[in-house]
Amino acid sequence: MGSGGRWVTLQQTASLSAASLLAGLLLGCEPQAGSSQPPQAGAGDGKVVIRITEEPYYQQEKMNQKMKVLEDYLEKSGDIDVEYVPAINYAHSHQLLLSGKVDLLWGGSLGVAQVEEQDKDNLIQPLAVEKPSFVNVLLVSKQASSALKQLLKDQNPLQSLKRKRVLFGSRNSGSSYLTPLLEMKDQGVALSDLKSCAYEPHHGHRADYFASSRDYDFAFMPGQAEDPLRLVSPSAQADVEVAWLSEPKRNYSVLVFEANSSPQRDQALQAIQSALTALDSSSGSGSGELLKAIGVAGFDLPADDAYLEQNRRISELSSELTGREPCLDIDAPAG
């Protein structure tokens, strides 16, 4: 996978009106059934059909709502019919794109790396990448000891994780497992330095469990620089606080399958790229509410070498951990 290919240099041909693009956004939707046939160049009403899937990282109902908002916004960028195709799991979402059964994939950093590894024919390119606002959030209980909190003031605060119990997200998650591991590594902390660790794939459940139990000293969550606790429920926020934040980085990408090219499809994808990169939370046009609904701070064109390097490191770490149960490999001392 390249750094964006021809999509980096596309000219924005559609004149986007923020008021018209954001009007009529709805919050409910029903999942569309997947198709075994490649996406069609046009629909019966003359509109180009663009199918999009997403890695299933959250409750399906919440994802339906998010994708409905995105569909409504993107469809206003041209004569486009955007259809959301739910995926069974992460691997299924990747295969839908790699097989050309969908045109677009909304994927995280690990998913981008995994698709790249499987894309032997160079058919997948990034259409847009999330602005650098994603942060790894380390939670600590408000009841934690003052001695523990003092460790977090160190020049390398993640050193405080040594010999502690840490709760991560899914082993398939770049945002709540692999990038936290890379942050730990950069501060001289390995998984084997922990006393124990465990995985809870569901972000909301992880925060609630951590807040209500005393089984772990720390928990990693994904967040945004301007809203670190966006995935932590109000009830959990009453019992936890932010112990540490990473520097903002990119996480999500919208990837495009290029083999089904046609003038109409290319024009539709160009309009979608323009619509995504036109979103600006500081414009006062209503973009802020839409961005909040879809969980990002905006999109840039895919031309960031630092993001590509981040994905390379995530891919290498994922390969290194393949076949292992790292949390179960930790030999916790007695007591």
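## Contacts along the chain

Let's start with how far apart in sequence the contacting residues lie. Among contacts between residues at least 6 apart in sequence, 80% join residues at least 24 apart. Please keep in mind that this is a predicted model.

## Overall make-up

The protein has 12 helices and 11 strands. Of its 335 residues, 52% are buried. The accessible surface comes to about 14,700 Å², and carbon and sulfur atoms account for 47% of that surface.

Which residues of H4 are buried? They are Ser109, Leu110, Gly111, Val112, Ala113, Gln114 and Val115.

What do these buried residues pack against? Their partners include three helices by name, H3 (90–98), H6 (174–186) and H11 (305–321). The strands E3 (104–107), E4 (124–130) and E10 (253–257) are also packed against by the buried residues of H4.

## Helix H6

H6, one of the elements that H4 packs against, is mostly covered itself, with 11 of its 13 residues buried. The buried stretch begins with Gly174, Ser175, Ser176, Tyr177, Leu178 and Thr179, and it also takes in Pro180, Leu181, Leu182, Glu183 and Met184. Just after H6 comes Gly188, which takes a positive phi of about 80°.

## Strand E10 and its neighbours

Another packing partner of H4 is strand E10. Here 5 of the 5 residues are buried, so the strand is largely enclosed by the rest of the structure. Both faces are covered: Ser253, Leu255 and Phe257 are buried on one side, and Val254 and Val256 on the other.

E10 runs antiparallel to E3, with 4 bridges joining the two strands. E10 also pairs with E4 in the antiparallel sense, this time over 5 bridges. Leu255 of E10 has a partner in each pairing: Leu105 stands opposite Leu255, and Pro126 is a bridge partner of Leu255 too. Pro126 sits in strand E4. Is Pro126 buried or exposed? Its relative accessible area is 6%, and because buried means under 20%, Pro126 counts as buried.

## The largest pocket

The largest pocket has a volume of about 680 Å³. It is lined by 23 residues, and the closest to the pocket centre are Arg230, Lys292, Ala293, Ile294 and Gly295. Helix H2 (60–75) and helix H10 (287–294) are the elements that give two or more residues to this lining. By type, the lining of the largest pocket divides into 12 nonpolar, 5 polar and 6 charged residues.

## The cavity

How many cavities of 30 Å³ or more does the structure hold? There is 1. The largest cavity has a volume of about 80 Å³. Among the residues lining the largest cavity are Glu130, Phe134, Ser175, His203, Asn251 and Tyr252. Arg230 and Gly295 belong to the cavity lining, and these two residues are also among the closest to the centre of the largest pocket.

Strand E8 (residues 218–224) gives the most to the lining of the largest cavity, with 3 residues. The lining of the largest cavity divides into 4 nonpolar, 6 polar and 2 charged residues.

Note on methods. Residues are numbered from 1 along each chain as its sequence is written. This is a predicted model: local features need pLDDT of at least 70, side-chain atom pairs count only at pLDDT 80 or more; totals for chains, interfaces and linings use all residues. Side-chain values use heavy atoms; hydrogens and water are left out. Buried means under 20% relative accessible area, exposed over 50%, partly exposed in between (1.4 Å probe, protein chains only). Contact means heavy atoms within 4.5 Å. Accessible areas come from the Shrake-Rupley method with a 1.4 Å probe; for residues, only the protein chains shown count as cover. Two strands pair if DSSP finds at least two bridges between them. On a 1 Å grid over the protein atoms alone, a cavity is a set of points where a 1.4 Å probe fits but cannot get out, and a pocket is an open set with protein on both sides within 12 Å along at least five of seven lines; lining residues have an atom within 4 Å of a point. Grid points are joined across faces, edges and corners, and a volume is the space filled by probe spheres set on the points. Ala, Val, Leu, Ile, Met, Phe, Trp, Tyr, Cys and Pro count as nonpolar, Asp, Glu, Lys and Arg as charged, and the others, Gly among them, as polar.
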